[in-house]
Amino acid sequence: MIRSALMNVMTAAALKAGRALKRDFGEVENLQVSVKGPGDFVSAADHKAEKILFEELSKARPGYGFVMEESGIVEGSDKSHVWYVDPLDGTANFLHGLPIFGISIGLARDDQIVAGLVYNPALEALYIAEKGQGAYLNNRRLRVAARRELGEALVGCAIPHLGKAGHARFKAELSAVMECAANLRRLGAAALDLCFVAAGAYDGFWERGLKPWDLAAGILIVREAGGFVTDADGGSDILAKGSVCAGNENIHSQLLALIRSAG
Ligand code: IPD
Ligand code: CA
Ligand code: CA
């Protein structure tokens, strides 16, 4: 696999921020036993990683705009390019010492996602995709799972946390999917959840209440692995809607029908 200059830039930024996150993850495991808890420390780690990503990407591609989880929107002089950056997706996992978290970087050109990267530094898993070039995990080409029936499928989802909207709706959807899917998982990092679909680990995944930086990279990675992705109501403006349903063609349509009818 030959990496483009653009993907080299994205990878270098993610590896640098990933080294900082991994160091801090080692510390957070030690802080678990303290009474105050590691909350402030994690928030500092999150901001530090985002600063590294912002600096590295700005240096390599001056003028591109940014939509970042922690620092918000930075308008670029180049109006056609926007980076979507989540420096730490899976914060609750990170905070609790669970090694399922990652950096997510998506690049949109004229409102189309053209490149995506999700990097889990704890497991050294680097997922990348460029439009029309396929999706890869550490240089291995990815392909979505081939299972056709929901009754054989492992489906990822997301349980809304305390205080988040959508508990009732999720319970209805969960109950509908539980009746039909072989098995369900909630692993807690939406960008990685989408990569698990791309890698064929999950057969399908759905979630509501997400932000563009959770989704931009993962959407392209699933599509480049041959998967189908829409918002959770079947529409195509996934970033604006903030919901997602993904899988291979068969699982995507069965899962979508179930969650739509549950609402
Ligand atoms: C969260 C994770 C989680 C999802 C939440 C997101 P964060 O992102 O992706 O899996 O269920 O809705 O906000 O806060 O860890 O970056
Ligand atoms: Ca996130
Ligand atoms: Ca985050």
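A donor, in this report, is an N, O or S atom within 2.8 Å of the metal, or within 3.2 Å for Na, K and Ca; water is not among the atoms, so sites may look incomplete. With that in hand, welcome to the structure. This is a predicted model, in which local features need pLDDT of at least 70 and side-chain atom pairs count only at pLDDT 80 or more, while totals for chains, interfaces and linings use all residues. Residues are numbered from 1 along each chain as its sequence is written, chains are lettered from A and ligands numbered from 1 in the order in which they are written, and side-chain values use heavy atoms, with hydrogens and water left out.

Let us start with the calcium ion (ligand 3). Glu69 (OE), Asp86 (OD) and Leu88 (O) coordinate it at 2.1 to 2.4 Å. Along the chain, these donor residues follow the pattern E-x16-D-x1-L. Glu69 sits in the loop between β1 (64-68) and β2 (72-74), and Asp86 in strand β3 (residues 78-89), so this pair, 17 residues apart, links distant parts of the chain. Helices (H or I, at least four residues) and strands (E, at least two) are DSSP runs, numbered from the N terminus.

Because Asp89 belongs to strand β3 and Asp214 to helix α6 (residues 212-224), the pair ties together parts that are 125 residues apart in sequence. Asp86 bridges the two ions, calcium ligand 2 and calcium ligand 3, which lie 3.8 Å apart.

How enclosed are these residues? Buried means under 20% relative accessible area, exposed over 50%, and partly exposed in between (1.4 Å probe, protein chains only).

| Residue | Relative accessibility | Class |
|---|---|---|
| Glu69 | 32% | partly exposed |
| Asp86 | 1% | buried |
| Asp89 | 7% | buried |
| Asp214 | 8% | buried |

Next, find helix α5 (residues 190-198). Nine of its nine residues are buried, so the helix is largely enclosed by the rest of the structure. Among them are Leu192, Asp193, Cys195 and Phe196. Just after α5, Gly200 takes a positive phi of about 80°.

Finally, His252 has its place in helix α8 (residues 249-262). His252 counts as buried, at 6% relative accessibility. Apart from neighbours within four places in sequence, His252 is in contact (heavy atoms within 4.5 Å) with Phe228, Val229, Thr230, Cys245, Ala246 and Gly247.
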